[in-house]
Each structure stands twice: as structure tokens, then as C-alpha cells.
Amino acid sequence: TTGENSSFNFNKNGSYSNGILLKFIPLDSTTLDSIANAISTKRLYVALENSQLIENAELIKYTQLLKQFLDKKPSKTIDITGHTNNNGYFENNLIIGKNKATKLKEYFINSGITKNEIHTFSRGEAEPIANKYTEEGKLLNSRIEIRIK
């Protein structure tokens, strides 16, 4: 979208003239391809508090790009995989990972991404990407990965 702001006036009926002009420009294929590259494989670090997903700027931006892309490509599917660190029991971490993925799926649906198939998975602590015995590694391992297919 592009916008232009100018002065506006209300008439006696409460309607206004002038104001904000919005122009919606269709995405060209180059822009759509660059969005696809940015979102096709994504690693997000989001927190859950009382089983609720905590929004952050990266999640909001990614969701907007994903929605824009999927509006043009409704046949694409979304795979969301929750990962955890190695704190606790393996079986419990599988449940925690699945819960993370499910909460993100709910967030996407509440954000208007409903035309696509969204699948959720958990790998728990099984696929660490960093040293699972350090605090920094534990933070990196506790993540959500998204793949658009």
C-alpha cells in the first residue's frame, strides 16, 4: 500500500472529504518471490506464559509477511514444529513442543491465516541446534521452526 495524507474537512452530516488516500498495488512476482524466500523456512523464539503465546515484534512482522504471501498462494501448507531444551523429561518436552506449535497455529488463525493447511509437530529436545548443557544453548534450542511447502 501507499498513502498520502492531506487536510480534510467535515461537512454538516459528519462526513469528511479529502483526508487519507490509500492505493492498493498488487504484488509483482519479484516481490512475491522475495517474501517467499524470507518466510519459507523460519526459526522463531517466542515465549509462553500461562500457556499463552507472548507476542513480539519479530512474530508480528513474520505473521504479516506470511499472511500477505499466503493470500497470493492459498495452496501452500504450513508446518510448525516446536522444540525445547533438555530441561525435564523427554516425554514432557514433546508435550511442551507440541503446545508451542499449537499456540502458534492458533495465533496464525486469529491473525487471519485460515485458508491453508497448518500442521503442528513436536521434536521436544530431540534436535538441538546448540550445546544443550549451556544456558545460551538451552535458549537457542527452545524454538519454533516453520516451513512453508
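Let me begin with the contacts in this protein: among those between residues at least 6 apart in sequence, 65% join residues at least 24 apart, where contact means heavy atoms within 4.5 Å. Please keep in mind that this is a predicted model, in which local features need pLDDT of at least 70 and side-chain atom pairs count only at pLDDT 80 or more, while totals for chains, interfaces and linings use all residues. Residues are numbered from 1 along each chain as its sequence is written, and side-chain values use heavy atoms, with hydrogens and water left out.

The secondary structure comes to four helices and eight strands, and from the N terminus on the elements run β-β-α-β-β-β-α-β-α-β-α-β. Helices here are DSSP runs of H or I with at least four residues, strands are runs of E with at least two, and both are numbered from the N terminus. Of the 149 residues in the protein, 32% are buried; buried means under 20% relative accessible area, exposed means over 50%, and partly exposed lies in between, with a 1.4 Å probe and protein chains only.

Let me turn to a pair of helices. Two packed helices are described by the angle between their axes and the distance between the axes. The axes of helix 2, residues 57-72, and helix 3, residues 90-110, come within 11 Å and cross at roughly 60°, and that makes helix 2 oblique to helix 3. Axes are lines fitted to C-alpha atoms, for helices over the stretch in contact, and angles run from 0 to 180 degrees between N-to-C directions; angles under 35 degrees count as roughly parallel, over 145 as roughly antiparallel, 65 to 115 as roughly perpendicular, and the rest as oblique. Which residues make the contact? From helix 2 they are Leu59, Ile60, Tyr62, Thr63 and Leu66, and from helix 3 they are Leu104, Tyr107 and Phe108.

Next comes a residue in a loop, Arg143, which is found between helix 4 (135-141) and strand 8 (144-148). Is Arg143 buried or exposed? Arg143 is buried, since its relative accessible area is 2%. The side chain of Arg143 makes a polar contact with the side chain of Glu145 at 2.8 Å, and a polar atom of the Arg143 side chain also lies 2.8 Å from the backbone oxygen of Asn141. A polar contact is a pair of N or O atoms within 3.5 Å; within protein, one must be able to donate a hydrogen and the other to accept it, and residues adjacent in sequence count only if both atoms are side-chain atoms. Leaving aside residues up to four places away in sequence, Arg143 touches a list of residues that includes Arg43, Tyr45, His83, Lys100 and Glu127.

Thr134 sits in the loop between strand 7 (118-124) and helix 4, and Thr134 is partly exposed, with a relative accessible area of 33%. The Thr134 side chain reaches the backbone oxygen of Asn131 at 3.4 Å and the backbone nitrogen of Gly137 at 3.0 Å.

Finally, consider the loop between strand 4 (47-49) and strand 5 (52-54), where Asn50 is placed. Asn50 has a positive phi of about 50° although it is not a glycine, and Asn50 is exposed, with a relative accessible area of 69%. Ser51 has its place in the loop between strand 4 and strand 5, with a phi near 65°, a positive value in a residue other than glycine, and at 41% relative accessibility Ser51 counts as partly exposed.
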